[in-house]
Amino acid sequence: MSRTAVVLFNLGGPDGPDAVEPFLRNLFSDPAIIGLPAPVRLPLARLIARRRREEATANYARMGGGSPLLPETEAQARALEAALADRLPGETRCFTAMRYWRPFTEAVAREVAAWSPDQVVLLPLYPQFSTTTTGSSLKAWTAAYRGPGEVRTVCCYPDVGGLARAHADRIRETFEAAGRPDNLRLLFSAHGLPERVVKGGDPYQAQVEATCAAVLAELGPGWDDWQVCYQSRVGPLKWIGPATADAIVHAAEEGRGVLLTPIAFVSEHVETLVELDHEYRTLAAEHGMEVYLRAPALGIAPVFIDALADAVLGALGRDRRPQAACGGRWCPARWGRCPSPFPAPEAAA
């Protein structure tokens, strides 16, 4: 009986107060996050981790002391296993590999190798590709995995139907539960990036915008007031924008409420449960906003899990080189940091 291993990549998060500083140190030690030589980057990472420890620990305390990202990701893994059991012959097992905290990529690579799969599908839980997320996880996996099986990679799935429908469902449910308020602006909030990363050929911003367009198409008429914005800025560099905080303030000044949807996050974690639900909600209230709504992350929404299952099945029937869920390369040629070596789409090149 054949064996298929599906490896879900995610960021990871501290599982308790004592893990906060080492988690931050691991994050900022990654050359994909701080692109400096190791003799400079590693001491800087230790310094940033120490300086941010107190504030970060307080944020995680709001969530019980640690991040919910691992249990959320494990729930997605079990749901995906169940979805694939009815559609894929043989035995399928989903593994969770976190980049900056346990279970680390290296340990999961050993676990997968010990299971001896015939085929391996690498599936990031980042729908939009970035060198800072999926790119970093793929690099870590390639360095760590020495086991059997043909390895195939889904590099991105920014505009697949199931992802867009799941977001649209969450938005409608939030809107209906609030009594269908008037004068509302839909804000698609994604984690930001330094502007120079995007200018260097990272396709993340273009893929975020494609996800938003796909969601709007699913929502249909009546959602004409919307904006894409970016959150979680750190450091002195110029980041892509507009900033989510600024978008909220501008909406309040125009007398509008907001409905925020975490368009680049598929699981609840500190950026949704603290930044969106507490910090930005307080900001909105300080500026007199009367209606502040936030759609939940996708979690184990069946239509989203089905989309992940489709991505796995599609990858198994394709070339071993990294590909988008739709097959081949999603990115136009100008996005040179795309990991797919296939020819760029002519229409978008």
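Visitor: Which element supplies the largest share of the lining of the largest cavity?
Guide: In this predicted model, the largest cavity holds about 40 Å³ of space. Its lining consists of Arg152, Thr153, Val154, Ala315, Arg318, Asp319, Arg321, Gln323 and Ala324. Two strands, β4 and β9 (323-324), each supply at least two of the lining residues. The largest share, three residues, comes from β4.

Visitor: How do the residues lining the largest cavity divide into nonpolar, polar and charged?
Guide: Among the lining residues are Val154, Thr153 and Asp319. The division is three nonpolar, two polar and four charged.

Visitor: Which element gives the most to the lining of the second largest pocket?
Guide: This pocket has a volume of about 210 Å³. Of its 14 lining residues, Phe175, Pro181, Leu184, Gly222 and Trp223 lie nearest the centre. The lining divides into five nonpolar, two polar and seven charged residues. With three residues, the element that gives the most is α6.

Visitor: Which residues have the most contacts inside the largest nonpolar core?
Guide: One of them, leaving aside neighbours within four places in sequence, is in contact with Leu186, Phe188, Val215, Leu219, Trp223, Leu259, Thr261 and Ala295; this residue is Ile171. The residues with the most contacts inside the core are Ile171 and Leu259.

Visitor: How many residues apart in helix α6 are Arg172 and Asp169?
Guide: The two form a salt bridge, with the closest N and O atoms 3.3 Å apart. Arg172 counts as partly exposed because its relative accessibility is 30%, and Asp169 likewise counts as partly exposed at 31%. Helix α6 covers residues 161-177, and the pair is separated by about one helical turn because the spacing is three residues.

Visitor: Arg185 forms a salt bridge with which residue?
Guide: Arg185 lies in strand β5 (residues 184-191), and its partner sits 69 residues apart in the loop between α9 (244-253) and β7 (257-262). At 11% relative accessibility, Arg185 counts as buried, since the cut-off is under 20%. The closest N and O atoms are 2.7 Å apart, and the partner is Glu254.

Visitor: Which residues do salt bridges that share partners join into one network?
Guide: Side chains of opposite charge can pair when their charged atoms come close. The structure holds 18 salt bridges. Through shared partners, one network joins Arg185, Asp225, Glu254 and Arg256.

Conventions: Residues numbered from 1 in each chain as written. Predicted model: local features only at pLDDT ≥ 70, side-chain atom pairs only at ≥ 80, totals over all residues. Heavy atoms only, no water. Salt bridge = Lys/Arg side-chain N within 4 Å of Asp/Glu carboxyl O. Helix = DSSP H or I, 4+ residues; strand = E, 2+ residues; numbered from the N terminus. Buried < 20%, exposed > 50% of the residue type's maximum accessible area, 1.4 Å probe, protein only. Core = buried A, V, L, I, M, F, W, Y, C linked by side-chain atoms within 4.5 Å. Contact = heavy atoms within 4.5 Å. 1 Å grid on protein atoms, 1.4 Å probe; cavity = no way out; pocket = protein on both sides within 12 Å on 5 of 7 lines; lining within 4 Å. Points joined across faces, edges and corners; volume = space filled by probe spheres on them. Nonpolar A, V, L, I, M, F, W, Y, C, P; charged D, E, K, R; others polar.
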